Amino acid sequence: MSVLGMPASCTRDLAPDPQECDQLCPLQDSPVRMQQGSPASGQGCTHHFSDAGVPSTEPARRRPTILPLVATMLTARLSRPLSQLPGRTLNFYERENGTRRPLLCSPTSFDSAGQRTYADVVNPAGSKAVLVTGCDSGFGFSLAKHLHSKGFLVFAGCLMKDKGDVGVKELDSLKSDRLRTIQLNVCKSQEVEAAVETVRSSLGDPEKGMWGLVNNAGISTFGEVEFTSMETYKEVAEVNLWGTVRMTKSFLPLIRRAKGRVINISSMLGRMANPARSPYCISKFGVEAFSDCLRYEMHSLGVKVSVVEPGNFIVATSLYSPERIQAIANKMWDDLPEVVRKDYGRKYFDEKIAKMETYCSSGSTDTSPVINAVTHALTAATPYTRYHPMDYYWWLRMQIMTHFPGAISDKIYIH
Ligand SMILES: NC(=O)c1ccc[n+]([C@@H]2O[C@H](COP(=O)([O-])OP(=O)(O)OC[C@H]3O[C@@H](n4cnc5c(N)ncnc54)[C@H](OP(=O)(O)O)[C@@H]3O)[C@@H](O)[C@H]2O)c1
């Protein structure tokens with residue numbers, strides 16, 4: 001076998017102690033072994049393998065050793081980007097002459113115990129402006145109130161402001177000059193541009209920009225791929241994904257001026273997929289990709305981009321209600337192509353809907369982990385790239401789904 005194109009050698013010849021090599025070597029009792037230098041000769045094991053896996057008798061000292069070469073390649077590949085980071089260096093042990101030399105750099109945000117550290121917290125007082133979308137209900141509604149209580153100047157985008165939604169009325173009832181509700185459908189460019197103008201004209205000095213944008217507005221749906229119409233796929237992506245992109249692009253000039261923050265509310269389903277949730281998963285995976293690209297691009301401009309990936313808080317928000325599930329189910333069944341209706345059957349369909357109804361009465365009732373995550377992303381000097389406000393079951397599931405081979409994670413959680 002060959003590693004990185006190099007002639008393969010018996011790894012045992014890396015053993016420092018000939019005795020150890022002798023014990024480990026797979027050829028120790030073979031005739032080939034008998035013909036070659038023995039540990040007793042003091043030269044260590046000299047067994048090598050050709051690309052075809054055939055033992056070769058070429059002496060070890062004449063061949064390049066693989067390990068330093070691989071390390072050199074890794075150094076070349078990693079040290080350039082990492083050397084741009086300030087901080088302590090990692091040392092690389094050079095086997096040949098027994099010395100250490102600097103290999104990589106590590107960022108200063110890690111203390112000597114390897115813990116992540118933060119510089120001073122950003123002070124929201126002084127009316128740092130933040131806009132949150134989807135404040136009629138759920139996380140957005142709580143966030144608007146919480147960020148206001150923290151001292152931010154909050155613009156609460158509400159889908160139903162012009163219809164006098166209860167959430168809007170409650171926010172307005174605070175009668176604070178630091179909390180303004182604005183009519184905002186993230187799918188409508190005119191409303192987004194009007195929101196930009198409202199914020200710009202409210203800022204003391206628009207050239208200093210606005211501090212934060214929280215892309216929270218979202219919708220969800222369910223149903224197998226074969227049950228889901230193309231219109232539904234588009235509708236969900238229009239709000240969750242394109243709404244996020246539209247808002248971000250429109251507000252970035254103001255955010256850049258303040259070297260501020262963009263916080264995108266994704267979901268655990270933006271990291272791991274789930275059966276019967278494909279429209280939602282697609283949109284949230286898109287939000288994750290968009291956030292990563294934006295974070296890379298904004299780094300040099302001082303804008304920090306974070307993603308918040310809530311777990312299951314269904315019961316605590318208005319994302320689903322039993323009535324909504326029933327309405328979606330009825331429309332879905334009516335719109336199904338005849339062949340799908342016939343092949344799956346009503347029983348299977350009803351079982352799936354019942355499962356969804358059970359899911360919708362589950363989840364954490366306490367949304368504070370999500371609210372705290374967004375607040376940290378807005379106020380910490382060094383916010384996290386990703387926040388995972390979710391209970392332990394979902395956290396573990398997400399780790400397994402994203403790190404284990406599919407054959408294993410599918411077996412554990414899906415099949
Ligand atoms: N709840 C969870 O378990 C959970 C888990 C992971 C991620 N999330 C995400 O968290 C975010 C907030 O959802 P939530 O759970 O708080 O549900 P929610 O209570 O339904 O809040 C979503 C908000 O977005 C608004 N909205 C819908 N379409 C909009 C549009 N086109 N333009 C502007 N606003 C719009 C909704 O307004 P209306 O109420 O008037 O429709 C609602 O106020 C979403 O992005 C969601 O995907 C939620």
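Q: Which residue forms a salt bridge with Lys161, and how far apart are the closest N and O atoms?

A: Asp172 is the partner of Lys161, with 3.7 Å between the closest N and O atoms; a salt bridge here means a side-chain nitrogen of Lys or Arg within 4 Å of a carboxyl oxygen of Asp or Glu. This is a predicted model, in which local features need pLDDT of at least 70 and side-chain atom pairs count only at pLDDT 80 or more, while totals for chains, interfaces and linings use all residues. Residues are numbered from 1 along each chain as its sequence is written, and side-chain values use heavy atoms, with hydrogens and water left out.

Q: What does the pair of Asp172 and Lys161 tie together?

A: Asp172 lies in helix α5 (residues 166-172) and Lys161 in the loop between β8 (153-158) and α5, so the pair links parts that are 11 residues apart in sequence. Helices (H or I, at least four residues) and strands (E, at least two) are DSSP runs numbered from the N terminus.

Q: How many salt bridges are there in the structure?

A: The structure holds 15.

Q: Switching to the ligand, which residues are closest?

A: The shell has 29 residues, the closest being Phe139, Asn185, Asn216, Tyr280 and Phe313, where a residue counts if one of its heavy atoms lies within 4 Å of the ligand. Helices α4 (138-149) and α8 (278-298) each supply at least two residues of that shell.

Q: Which polar side-chain atoms lie 2.9 Å from a ligand oxygen?

A: A polar side-chain atom of Ser137 lies 2.9 Å from an oxygen atom of the ligand, and an N or O atom in the side chain of Lys284 is also 2.9 Å from a ligand oxygen. From Phe139 a backbone N or O atom lies 2.8 Å from an oxygen atom of the ligand.

Q: How much of the ligand does the protein bury?

A: Taken alone the ligand exposes 870 Å², and the protein buries 91% of that, with areas from the Shrake-Rupley method using a 1.4 Å probe.

Conventions: Polar contact = N/O pair within 3.5 Å; in protein donor to acceptor, adjacent residues only side chain to side chain.
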